Amino acid sequence: MAVRRAAGVAALLGAAGAGAAAGLAAADRRRWRPPQPAGLVREVAGARLHYLDEGAGPALVLVHGFAGSTFSWRAVVPELAKEFRVIAVDLPGFGLSDRRPGIGYGHERHVDRLLGLLDLLGIERASFAGHSMGGAVVQRLAARAPGRAERLVLVGSVSAGANLGIGRRRRASRLMFGAIRLAAISPTLMYAAGRRGLRQMVADPAFVTPEVVRGYIDPLLIPGTIRAVGEMAREHAAEPEVDLGAVRAPALVVTGEADVLVPPRRAEELAAALPGSGPPVVIDRAGHLLAEERPDAFLRATLPFLRSGAQARR
C-alpha cells in the first residue's frame, strides 16, 4: 500500500512538473514576437513571396539555403547593390514567405516562383547566386530555362545532379525535424539548439552571436514551418535529378575551406560536372556560411565573375 501511495505521489508530482514545464513553454511562446517583413511581399505562382529589391543595373537573384532566408545575404547585399539590381528571395516555407498547406514546396515549384517573380518584375535574364540547397534550385532553373540564366554563382552548393543518398538524408531529416518540433515548443530551447547547430557551420564559432541566432531561428518559429518543410522534403524526394550537362550558363563554384556540410571535394565534383565552370574557388577560414563569415573574400571572388557577365551583355 505504501509503495502504491508513493508511486501515486510520484505520478502526481511528475504530472505537475510536466504541467509547469508546459506552462513555462507557453509563456515563453507568448513573449516571442515574429519578425516583420523588411522587403516586399507579392503573390507569385500561388504563393506569397517575401523579397528584397535593391540597387540598379543587371539583375542578380540571391537564393538562400535550407533554413535560411534573405538574412543569409545581409553582409553582401549592400556592396552588390552598388553595381546590380539585387533581388534576394525567401523561398516558401522559410524566411517571411508563405507557409500555407498544399501550395507546393519542392524544388520545381521553387523554380516556378523564381521565374514567375522575374516575369512579374519585367526581367528577361538574370544572374543567380544560390547557397547550399539554393544552389541546387538555381542549377535546376538554369537547366530548365537556359535563356533566363546569365551566370551562376554556387556557394557551398549541393549538386542537383548527383545522387546525394536520399535514404540516409530522409532518416537524418526525420531525426532533425523531430528535435526541431520539440525545441519549437519554446523559443528559448530553439535558440539554444540553433546556436549549437550554427557553430558547426562556421570556421570561427565566435561568429555565431545572439543576433545571428535570432536572424536564423526567428523565421523557423513562425507557425507552419515544420509542416511546410515536411512537404518540401516529400516533394523533392520524388523529383528527378538534373542533367547538369544541360546547364550552359557560365558558373563559379565557391566553397569554404572548413565547410563540413558540403566539403571542398564536393565543390570540385560539382564544378567538374558543369560545362561552364572552372575549378572551384576555396575561401580559407570559412565554413558553410562563407558569404556571411568572410564577406570581403566572397565579394573578391565573385564580383569579377559577375562583372564579366554584365560587360558581355553590353
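This report describes the sheet, the helices packed on it, the nonpolar cores and the aromatic pairs of a predicted model.

## The sheet

Eight strands form an open sheet with mixed pairing, in the order S1-S2-S4-S3-S5-S6-S7-S8. Strand S1 (40-44) and strand S8 (281-283) stand at the edges; each has a single partner strand, so one side of each is left without a neighbour in the sheet. From one strand to the next, the twist averages 25°.

Strands of a sheet pair through backbone hydrogen bonds, in either a parallel or an antiparallel sense. Strand S3 (residues 59-63) and strand S5 (residues 126-131) run parallel and are joined by four bridges. Within this pairing, Val61 stands opposite Phe128 in S5.

## Helices on the sheet

Helix H3 (residues 107-121) packs on the sheet, where it touches S1, strand S2 (47-54), S3, strand S4 (85-90) and S5. The direction of H3 makes about 60° with that of S2.

Helix H4 (residues 133-144) also packs on the sheet, and its contacts are with S3, S5 and strand S6 (149-155). Between the direction of H4 and that of S5 the angle is about 145°.

Strand S7 (residues 251-256) is mostly covered, with six of its six residues buried. The cover extends to both faces of S7: Ala251, Val253 and Thr255 are buried on one side, and Leu252, Val254 and Gly256 are buried on the other.

S7 pairs with S6 in the parallel sense over four bridges, and Leu154 stands opposite Val253 in S7. S7 also runs parallel to S8, to which three bridges join it; here Val254 stands opposite Val281 in S8. Between S7 and S8 the chain crosses through helix H9 (residues 264-273), and this β-α-β crossover is right-handed.

## The nonpolar cores

The largest nonpolar core has 65 residues, and those with the most contacts inside it are Val61, Phe128 and Leu152. Two of these residues, Val61 and Phe128, also stand opposite each other in the pairing described above. When its neighbours within four places in sequence are left aside, Leu152 is in contact with Phe128, Val138, Ala142, Val247, Ala249, Pro250, Ala251, Leu252 and Phe305.

Another core, of 26 residues, lies apart from the largest one; among its members are Trp73, Phe84, Leu252 and Leu299.

## Aromatic pairs

A pair of aromatic rings is described by the distance of the centres and the angle of the planes. The count of aromatic pairs comes to two. One is formed by Phe66 and Phe94, which are edge-to-face, at 5.3 Å centre to centre and with 75° between the planes. This pair links distant parts of the chain, 28 residues apart: Phe66 lies in the loop between S3 and helix H2 (77-80), and Phe94 in the loop between S4 and H3. Phe66 counts as partly exposed because its relative accessibility is 35%, whereas Phe94 is buried, with a relative accessible area of 0%.

The rings of Phe71 and Tyr216 have their centres 5.6 Å apart and their planes at 90°, and therefore this pair is edge-to-face. Distant parts of the chain, 145 residues apart, are linked by this pair: Phe71 is in the loop between S3 and H2, and Tyr216 is in helix H7 (residues 210-220). Phe71, at 22% relative accessibility, counts as partly exposed, while Tyr216 is buried, with a relative accessible area of 8%.

Technical notes. Residues numbered from 1 in each chain as written. Predicted model: local features only at pLDDT ≥ 70, side-chain atom pairs only at ≥ 80, totals over all residues. Heavy atoms only, no water. Pairing = 2+ DSSP bridges. Helix = DSSP H or I, 4+ residues; strand = E, 2+ residues; numbered from the N terminus. Axes fitted to C-alpha atoms, helices over the stretch in contact; angles between N-to-C directions. Contact = heavy atoms within 4.5 Å. Core = buried A, V, L, I, M, F, W, Y, C linked by side-chain atoms within 4.5 Å. Buried < 20%, exposed > 50% of the residue type's maximum accessible area, 1.4 Å probe, protein only. Right-handed = clockwise from strand over helix to strand, strands pointing away. Phe/Tyr/Trp six-rings, centres within 6.5 Å; stacked < 30°, edge-to-face > 60°.
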